[in-house]
Amino acid sequence: MHLIKDENGNVVSHGHGEQQSCPHSHGHEHCGHHGENCDHQGDCRQETVALLAYMVQHNEQHAAELDQLADNLEKMDIFDAARTIRDGVADFQKANMRFSLALTQVKEQIKEA
């Protein structure tokens, strides 16, 4: 189970007590309810920032895992697949930069509110 924490390290609930499992093998118990509406504006803001920050970090971990997978494929002389994975990782990282920018924008907007 992944715990979502705010910038101060406090655990932030998400999913309002529901736990659903994902088909991933590494335990994404939080899947399936990211888009739910929040009941309270402040809670929603805190949850949104924490979840988006978590997702950016989590995506970075996945990119590193995929990069390691490409390394392993190269060691097995499976170069075409390794190159394809590295291309995908580059695309993934570009998308994650957009998510990181969105996180910055959300934080700035919340400060102004």
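Biologist: OK, predicted. What does the protein chain average in pLDDT?
Modeller: The average pLDDT of the protein chain is 79, and 63% of the residues score at least 70.

Biologist: Which elements have the lowest and the highest mean pLDDT?
Modeller: Strand β2, residues 11–12, has the lowest mean at 62. Helix α2, residues 79–112, has the highest at 96. There is also a stretch, residues 15–35, where the pLDDT is below 50. In the model that stretch has 34 contacts beyond near neighbours in sequence.

Biologist: Back up a bit. How many helices and strands are there, and in what order do they run?
Modeller: The protein chain has two helices and two strands. Starting at the N terminus, the order is β-β-α-α.

Biologist: And what share of the residues counts as buried?
Modeller: The share is 24%, out of 113 residues in the protein chain.

Biologist: What about contacts between residues 24 or more positions apart?
Modeller: Those account for 54% of the contacts in the protein chain with a separation of 6 or more.

Biologist: Now α2. How far does α2 reach from its first C-alpha to its last?
Modeller: Helix α2 reaches 49 Å with its 34 residues, close to the 50 Å expected at 1.5 Å a residue.

Biologist: Which residues of α2 are buried?
Modeller: Ala82, Val89, Asn96 and Leu103 are the buried residues of α2.

Biologist: Switching to charges. How many salt bridges does a search of the whole structure find?
Modeller: The search finds four. One of them joins Arg86 and Asp71, with the closest N and O atoms 2.4 Å apart.

Biologist: With which Glu does Arg86 form a salt bridge?
Modeller: With Glu74, where the closest N and O atoms are 3.1 Å apart. Arg86 lies in helix α2 and Glu74 in helix α1, so this pair ties together parts that are 12 residues apart in sequence. Glu74 is partly exposed, with a relative accessibility of 31%.

Biologist: What about Asp80 and Arg83?
Modeller: Their side chains also meet in a salt bridge, at 2.8 Å from N to O. Both Asp80 and Arg83 lie in helix α2, three residues apart, which is about one turn of the helix.

Biologist: Is Asp80 buried or exposed? And Arg83?
Modeller: Asp80 counts as exposed, because its relative accessibility of 56% is over 50%. Arg83, at 47%, counts as partly exposed.

Biologist: Last one. Which residues do salt bridges with shared partners join into one network?
Modeller: Asp67, Asp71, Glu74 and Arg86.

Key. Residues are numbered from 1 along each chain as its sequence is written. This is a predicted model: local features need pLDDT of at least 70, side-chain atom pairs count only at pLDDT 80 or more; totals for chains, interfaces and linings use all residues. Side-chain values use heavy atoms; hydrogens and water are left out. pLDDT is the predictor's confidence in each residue, from 0 to 100. Helices (H or I, at least four residues) and strands (E, at least two) are DSSP runs, numbered from the N terminus. Contact means heavy atoms within 4.5 Å. The expected span of a helix is 1.5 Å times one less than its number of residues. Buried means under 20% relative accessible area, exposed over 50%, partly exposed in between (1.4 Å probe, protein chains only).
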